[in-house]
Amino acid sequence: MTTPEVRTRAVRLGPRSLAALCLVSAVGVAGFGWPLFADPSSQVAAHAQDAPWLFAGLLVLLVAVVMATISESGLGPKAVAMLGVLAATGAALRPIGAGTAGIEPMFFLMVLSGRVLGPGFGFVLGSVTMFSSALLTGGVGPWLPFQMLAMGWFTMGAGLLPGPDRLRGRGELALLAAYGFCAAFAYGTVMNLAGWPFMGALASNVAFDPHADVTANLARFLAYCLATSLGWDLGRAVVTVVLTLALGATLLKALRRATRRAAFETPVTFEPR
């Protein structure tokens, strides 16, 4: 009995799961950005208070992506177990720095896991981890689907980085650290956009103005990010870089060894004697 070389990607993005991912991403982008483009006199803007229904629909679509990815890829019990272990670990890491200048060690785990296990597994892992951590910390609310989507994108992006089979050593760690640094800011910016348009009580020149054009509101949004979340995002980015450079080599080796032993998606063949 022989087994071919094991690939490190536990979850493939097949046609159905890719279509579901594209759909939820499109709805997510619309959910994040619609206030910037809606006419203040339109029915869309008039029903801004109905936003929780959009959040609920987005959560349903995220669950559909997870289920489609798992069912279509034929994800076995070993891969599901690894998904559970990594999601539980990430959920446990998140409260460590809660409320402390962006010290969020779970982000470096998501980067390394997405790198080793691929974009499909990465999106599922990011979404499930954020959902699990919300249950653990009591952070369930209308913002949760957006957090799940943003973390899914964050982790999936690590799986899309170049050279997954060739790049190793310091070069790979440098690539992952650079990605983690940039993606940490991107995550914070996206999550700011999810809540900023609804802060109507924020009477200042950084508040969302439904009567202003897109350019003016983007300038206000940039000022809002610089004034309110730059320090937090910088802390998250620095922690991600430091942990990736310090622990990345060891954790990457452990993840790859675990993936080889689990032999995800590897068919077993028998040779005649």
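**Exercise 1. The nonpolar core**

Find how many residues the largest nonpolar core has, and which of them have the most contacts inside it.

*Solution.* Start with the term: a nonpolar core is a set of buried Ala, Val, Leu, Ile, Met, Phe, Trp, Tyr and Cys residues joined through side-chain atoms within 4.5 Å. Buried means under 20% relative accessible area, exposed over 50%, and partly exposed in between, with a 1.4 Å probe and protein chains only. The largest such core has 53 residues. Those with the most contacts inside it are Leu 86, Phe 123, Met 151, Phe 154 and Tyr 187.

Next, sort by element. Helices are DSSP runs of H or I with at least four residues, numbered from the N terminus. Among the elements that give two or more residues to this core are H1 (15-37), H4 (77-93), H6 (144-159) and H7 (170-195). H5 provides the largest share, 15 residues.

A word on the source: this is a predicted model, in which local features need pLDDT of at least 70 and side-chain atom pairs count only at pLDDT 80 or more, while totals for chains, interfaces and linings use all residues. Residues are numbered from 1 along each chain as its sequence is written, and side-chain values use heavy atoms, with hydrogens and water left out.

**Exercise 2. Two residues up close**

List what Tyr 187 is in contact with, leaving aside its neighbours within four places in sequence. Then decide whether Ser 113 counts as buried or exposed.

*Solution.* Contact means heavy atoms within 4.5 Å. With those sequence neighbours set aside, Tyr 187 touches Phe 107, Met 130, Gln 147, Ala 150, Met 151, Phe 154 and Arg 236.

Now move to Ser 113, which sits in helix H5. Its relative accessibility is 0%, so Ser 113 counts as buried. Beyond four places in sequence, Ser 113 is in contact with Leu 86, Gly 118, Leu 125 and Leu 255.

**Exercise 3. H6 against H7**

Describe how H6 and H7 pack, starting from the angle and the axes.

*Solution.* Axes are lines fitted to C-alpha atoms, for helices over the stretch in contact, and angles run from 0 to 180 degrees between N-to-C directions. For H6 and H7 the angle is about 160 degrees, with the axes 10 Å apart. H6 is therefore roughly antiparallel to H7; angles under 35 degrees count as roughly parallel, over 145 as roughly antiparallel, 65 to 115 as roughly perpendicular and the rest as oblique.

Then look at the residues. In H6, Gln 147, Met 151 and Phe 154 are among those that meet H7, whose side includes Tyr 179, Tyr 187 and Met 191. By class, this contact of H6 with H7 has 13 nonpolar, two polar and no charged residues. Here Ala, Val, Leu, Ile, Met, Phe, Trp, Tyr, Cys and Pro count as nonpolar, Asp, Glu, Lys and Arg as charged, and the others, Gly among them, as polar.

**Exercise 4. H1 against H6**

Which orientation do H1 and H6 have to each other?

*Solution.* The axes come within 11 Å and cross at roughly 125 degrees. H1 and H6 are therefore oblique to each other. On the H1 side the contact includes Leu 21, Gly 28 and Phe 32, and on the H6 side Phe 146, Leu 149, Trp 153 and Met 156. The classes of the contact of H1 with H6 are eight nonpolar, three polar and no charged residues.

**Exercise 5. A pair across the sequence**

How far apart in space are Ala 88 and Leu 136?

*Solution.* Locate Ala 88 in helix H4. At 46% relative accessibility, Ala 88 counts as partly exposed. Ala 88 and Leu 136 are 48 residues apart in sequence and 9.7 Å apart in space, C-alpha to C-alpha.
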